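Okay, thanks everyone for making it. Let me put it up on the screen.

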Amino acid sequence: HFGYQDSQLKVTTSVKDKDGNKSEIKYKVWEKGEKRLIILDEPPDVAGMAVLTKDEDTIYVYEPEFNKVRRIASHAKKQTMFGMDITSDETATKHLHSCYDPKIKSDTSEKAVLTLEQKSGKDKAYPKLEITVDKTKHWATTKIISKDKDGKKKKTEVRPKIKQLGGRFLATLMTITDHGKKHSTTLIVKAAKYDQGLSDKMFTKRYLIREE
């Protein structure tokens, strides 16, 4: 699933609160190695805002209104981004093996369920995860249950659609539900490109403050 040098995704998200009110956010994501750049396109009040992750511990946010880049403090990484049910910490963590130790909970010919617990010295937004891998869908992750340190379920992410975009299979539909807030976010990947030879300059603080 990570056998590429770089990638670009175009994503549309729909956020629904506990009262049923909906809002939409559109953004693009560029990745190269552990680095990730997210730039918001819509709605107009957040257009141009950007998040740059250099690694799981180094995250920057660009605010075009002030033309300023600030680093996200460690304690703030567990907060959600732009009203979506995704934390900065989750955005910055690309490879789970660097943060979690896995065990096999169950294993059949069609799917495997893994339980993950954060490694010693880590302080993740969700210390425990339960992940379902569907062997019939190109070994894709189709469900993630995020839990607190006591094992209480806090959030569920389901990925019902695994499709081929840009020559690779990936989850093109994801719905994340925060059980405590009774809040949900649906993400739809509209387009994907791989191995474009993205420059390292894209993943720098200097690039964030760019002329539109």
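Quick one to start: is K78 buried, partly exposed or exposed? It's partly exposed, with a relative accessible area of 37%. For that wording, buried is under 20% relative accessible area, exposed is over 50%, and partly exposed is in between, with a 1.4 Å probe and protein chains only.

Before I go on, some housekeeping. This is a predicted model, where local features need pLDDT of at least 70 and side-chain atom pairs count only at pLDDT 80 or more, while totals for chains, interfaces and linings use all residues. Residues are numbered from 1 along each chain as its sequence is written, and side-chain values use heavy atoms, with hydrogens and water left out.

Along the principal axes, the C-alpha atoms fill a box of roughly 55 × 40 × 35 Å. Of the 212 residues, 44% are buried.

What about contacts, meaning heavy atoms within 4.5 Å? Taking those between residues at least 6 apart in sequence, 41% join residues at least 24 apart.

Now the charges. The chain has 44 positive and 32 negative ones, and their mean positions are 2 Å apart. Lys and Arg count as positive, Asp and Glu as negative, and His and the chain ends are not counted; each charge is placed at NZ of Lys, CZ of Arg, CG of Asp or CD of Glu.

How many salt bridges does the structure hold? There are 17, each being a side-chain nitrogen of Lys or Arg within 4 Å of a carboxyl oxygen of Asp or Glu.

Back to K78, then. Its salt bridge is with D123, and the closest N and O atoms are 2.8 Å apart. This pair links distant parts of the chain, 45 residues apart: K78 sits in the loop between β6 (68–71) and α1 (88–92), D123 in the loop between β8 (111–118) and β9 (128–134).

Next pair: K119 and D101, with the closest N and O atoms 2.7 Å apart. K119 is in the loop between β8 and β9 and D101 is in strand β7 (residues 100–107), so the bridge ties together parts 18 residues apart in sequence. K119 is partly exposed at 25%, and D101 is partly exposed at 40%.

Then there's K135 with D107, at 2.6 Å, N to O. D107 is in strand β7 and K135 in the loop between β9 and β10 (140–147), so here the parts tied together are 28 residues apart in sequence. K135 comes out partly exposed at 22%, as does D107 at 47%. Salt bridges with shared partners also join E56, D89, K122 and K124 into one network.

Last stop, K152. You'll find K152 in the loop between β10 and β11 (153–165), exposed at 54%. Leaving aside neighbours within four places in sequence, K152 is in contact with S146 and K147.

Note on methods. Contact means heavy atoms within 4.5 Å. Helices (H or I, at least four residues) and strands (E, at least two) are DSSP runs, numbered from the N terminus.
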